[in-house]
Amino acid sequence: VQLQASGGGLVQPGGSLRLSCAASGSIFSINVMGWYRQAPGKQREEVAVITSGGSTDYADSVKGRFTISRDNAKNMVYLQMGSLKLEDTAVYYCNLQQRPYVFWGQGTQVTVSS
């Protein structure tokens, strides 16, 4: 399985970005896809996850600002990020969990700066 993330970049506070992640290889029909992030000097943290059935979960820090979605037919997962804050600056990683395996993408940098 390979995960290819894209869509990161530099954005001003209050701006928006959309991250995309394409999964390829042996993808199970039942899985969880998600986004995690790691800021400099901090541990990697969960941002948002979505099951193959469409159930979602968000970190408290992004609720109401970020929206995760997926296209099962294309094995894609998206993260629409709005009202971005300086503290959202991090490397964002795409994640795929299909028991008993966990896969990570290469990460895409999101920088929120004025």
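Colleague: What makes C21 and C94 a disulfide?

Modeller: Their sulfur atoms are 2.0 Å apart, and a disulfide is a pair of cysteine sulfur atoms within 2.5 Å, so the pair qualifies. By this rule the count comes to 1 disulfide. The pair joins distant parts of the chain, with C21 in strand 3 (residues 17–24) and C94 in strand 9 (residues 90–98), 73 residues apart. Strands here are DSSP runs of E, at least two residues, numbered from the N terminus. This is a predicted model, in which local features need pLDDT of at least 70 and side-chain atom pairs count only at pLDDT 80 or more, while totals for chains, interfaces and linings use all residues. Residues are numbered from 1 along each chain as its sequence is written, and side-chain values use heavy atoms, leaving out hydrogens and water.

Colleague: Why is the disulfide of C21 and C94 called left-handed?

Modeller: Because the torsion about its S-S bond is about -85°.

Colleague: Why is R37 called buried?

Modeller: R37 has a relative accessible area of 5%, and buried means under 20% (1.4 Å probe, protein chains only), so the label applies. Both C21 and C94 are buried too. R37 lies in strand 4 (residues 32–38).

Colleague: Which side chains does the side chain of R37 join by a polar contact?

Modeller: The side chain of E45, at 2.7 Å, and that of D88, at 2.9 Å. A polar contact is a pair of N or O atoms within 3.5 Å; within protein, one must be able to donate a hydrogen and the other to accept it, and residues adjacent in sequence count only if both atoms are side-chain atoms.

Conventions. Helices (H or I, at least four residues) and strands (E, at least two) are DSSP runs, numbered from the N terminus. Buried means under 20% relative accessible area, exposed over 50%, partly exposed in between (1.4 Å probe, protein chains only).
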